[in-house]
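Student: I am new to this structure. Please walk me through it, one piece at a time.

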Protein chains: 2
Amino acid sequence: MATGRTHRPATRSRGIPEATVARLPLYLRALTALSERSVPTVSSEELAAAAGVNSAKLRKDFSYLGSYGTRGVGYDVEYLVYQISRELGLTQDWPVVIVGIGNLGAALANYGGFASRGFRVAALIDADPAMAGKPVAGIGVQHTDELEHIIESNGVSIGVIATPAGAAQQVCDRLVAAGVTSILNFAPTVLTVPDGVDVRKVDLSIELQILAFHEQRKAGEEAGPDGGAPVAATRAAAAVAGEGKGPDGDVPAVMPA
Amino acid sequence: MATGRTHRPATRSRGIPEATVARLPLYLRALTALSERSVPTVSSEELAAAAGVNSAKLRKDFSYLGSYGTRGVGYDVEYLVYQISRELGLTQDWPVVIVGIGNLGAALANYGGFASRGFRVAALIDADPAMAGKPVAGIGVQHTDELEHIIESNGVSIGVIATPAGAAQQVCDRLVAAGVTSILNFAPTVLTVPDGVDVRKVDLSIELQILAFHEQRKAGEEAGPDGGAPVAATRAAAAVAGEGKGPDGDVPAVMPA
DNA sequence: ATGTCTTTGTGAACGCGTGCACAAAGATGG
DNA sequence: CCATCTTTGTGCACGCGTTCACAAAGACAT
């Protein structure tokens with residue numbers, strides 16, 4: 001789901017399933033909110049509701065971390081926050097570089113959720129010389145030439161790619177060569193990386209297309225098996241197929257495609 | 001995975017598995033690239049490599065759509081582009097509203113991948129009166145008061161929420177009440193919606209936390225089962241746990257948390 | 001027309017994730 | 001100290017998704 005490579009032993013390291021790992025941040029957020037409201041304990045039922053999951057699933061997830069609950073009472077909020085944070089590796093500082101400071105890169109740089117979770121923006125990097133030195137979110141943008149130097153001197157192991165699709169693989173290769181082993185990719189491309197490097201992809205266009213599929217299905221059901229066009233005009237299909245050189249290729253891309 | 005509700009019959013409508021639907025956009029992108037290079041046909045092996053998936057999986061995915069391939073030859077690129085586009089509902093125009101025009105909302109508005117996939121930004125909406133009328137990506141921002149009117153008069157069925165977490169549920173409720181049945185949520189909150197409404201979530205912070213988990217695991221493996229701190233200094237765990245009122249709550253939020 | 005060779009489409013096995021349902025654990029009150 | 005009541009932790013079954021492996025289908029050459 002994440003790596004661009006063939007297989008992966010997932011997360012059998014200490015037996016924590018990948019699906020569980022993906023939910024831990026969700027639990028952590030709900031727990032943090034409870035912690036701020038000084039709630040001492042929660043039941044699996046309450047916490048599950050807050051996180052939007054099944055309570056049995058939540059209990060099973062926590063069982064992979066250990067027996068942190070008390071039967072008849074529930075879970076100690078503070079303790080659980082600590083345990084999950086530790087498990088996720090959030091008790092340490094993770095320097096991060098963002099490459100590609102367009103609209104999206106700037107939005108990411110300004111994002112407040114970084115610092116509060118142990119992530120620190122070590123540098124903003126862009127290929128455009130005109131951007132160099134320009135402050136974004138209080139940090140001066142540096143040129144791509146500095147990439148290797150920045151990564152090595154800051155011990156950066158996590159990189160965020162927010163470049164146009166055409167530049168992504170090249171940037172990725174340089175990041176990996178310089179020592180980055182985890183990449184969050186916003187560019188609409190399949191990245192190829194060596195074994196041992198994790199890639200996670202965020203793709204807005206794909207999410208919208210999935211929504212469109214379900215939307216079409218809904219419209220089709222209530223309007224007969226024919227699937228009538230909902231409100232808006234139906235576009236010529238050929239326009240989608242051909243249309244050559246759409247604004248999607250790589251040039252001004254500012255977000256996943 | 002997407003809905004904030006309990007269960008869902010997934011996509012048993014015509015038997016197309018949800019996992020397959022999620023991959024169709026991936027295939028479509030690869031196929032579009034081939035189409036632009038005027039490649040007439042592709043084998044499942046080639047296309048699978050381009051999309052970064054297993055070829056058997058790809059063939060099985062396509063088999064849910066029908067038998068569009070020719071044995072001994074492969075798939076006709078143009079024809080497949082059309083079939084997938086149609087299946088995803090991309091042969092029609094989908095008006096979309098973006099609510100919350102902060103850094104992220106603006107980045108989304110500027111995103112070129114919208115139009116090229118059949119999505120059209122019908123309106124940008126923000127609660128800040130100072131934003132009203134201000135042009136972003138060539139479109140004037142409108143005030144939240146107009147929300148219901150815009151949705152109804154444009155027949156909008158897909159909404160994008162890019163507001164701070166605190167406002168998300170409220171915006172969501174209004175969108176749904178006005179007729180929106182698919183929501184793409186960038187706010188770091190669990191949205192509660194009625195049955196029949198699809199919600200997909202994009203959460204940057206969660207992705208980073210998952211990467212941190214794997215990163216920590218890698219570091220721990222090569223430095224003994226103790227798990228030495230990689231380069232950066234280890235933060236006090238308490239700072240993560242307590243820290244009350246971090247920049248994550250809802251006020252200046254500009255991205256998923 | 002026949003044979004060979006390529007590639008699809010799919011039956012079957014496997015593994016992961018989910019959710020039910022319940023026994024064990026422990027808190028709490030008398 | 002015992003009874004009761006709440007909530008955890010988990011064994012089990014089920015269903016979805018993935019992958020293998022191969023028969024069927026068709027292109028292409030002779």
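**One residue, then the rest**

Tutor: Ile139(A) counts as partly exposed, because its relative accessibility is 24%. Buried means under 20% relative accessible area, exposed means over 50%, and partly exposed is in between, with a 1.4 Å probe and protein chains only.

Student: Before I go on, where do these values come from?

Tutor: This is a predicted model: local features need pLDDT of at least 70, side-chain atom pairs count only at pLDDT 80 or more, and totals for chains, interfaces and linings use all residues. Residues are numbered from 1 along each chain as its sequence is written, chains are lettered from A and ligands numbered from 1 in the order in which they are written, and side-chain values use heavy atoms, with hydrogens and water left out.

Student: OK, back to Ile139(A). Which strand is it in, and what does it touch?

Tutor: Ile139(A) is in strand S7 of chain A. Helices (H or I, at least four residues) and strands (E, at least two) are DSSP runs, numbered from the N terminus. Leaving out residues up to four places away in sequence, Ile139(A) touches Val121(A), Leu124(A) and Lys134(A). A contact means heavy atoms within 4.5 Å.

Student: What does S10(A) pair with?

Tutor: S9 (residues 182-185) of chain A pairs with S10(A) in the parallel sense, over four bridges. Leu184(A) has Arg200(A) in S10(A) as its bridge partner.

Student: Switching topic. What is the phi of Ser38(A)?

Tutor: Phi of Ser38(A) is near 60°, positive in a residue other than glycine. Most residues other than glycine have a negative phi. Ser38(A) sits in the loop between helix H1 (18-36) and strand S1 (41-42) of chain A, and with 62% relative accessibility Ser38(A) counts as exposed. Ala137(A) also has a positive phi, of about 55°. Ala137(A) is in the loop between S6 and S7 (139-143) of chain A and counts as partly exposed, at 38% relative accessibility.

Student: Now chain B. What is the strand order there?

Tutor: The order is S6-S7-S5-S4-S8-S9-S10, again an open sheet with mixed pairing. S6 (135-136) and S10 (198-201) of chain B are the edge strands, each pairing on one side only. S4 (residues 94-99) and S5 of chain B run parallel and are joined by six bridges, with Trp94(B) opposite Phe119(B). In S5 (residues 119-126) of chain B, seven of eight residues are buried.

Student: Which residues of H6(B) meet H7(B)?

Tutor: Leu147(B), Glu148(B), Ile151(B) and Glu152(B) in H6(B) meet Arg174(B), Leu175(B) and Ala178(B) in H7(B). Those contact residues are four nonpolar, no polar and three charged. H6 (residues 147-154) and H7 (residues 165-178) of chain B pack at about 35°, with axes 9 Å apart. Ala, Val, Leu, Ile, Met, Phe, Trp, Tyr, Cys and Pro count as nonpolar, Asp, Glu, Lys and Arg as charged, and the others, Gly among them, as polar.

Student: Last one: what does Ile84(B) contact?

Tutor: Beyond neighbours within four places in sequence, Ile84(B) is in contact with Leu24(B), Tyr27(B), Leu28(B), Leu31(B), Phe62(B) and Leu65(B).

Technical notes. Axes fitted to C-alpha atoms, helices over the stretch in contact; angles between N-to-C directions. Pairing = 2+ DSSP bridges.
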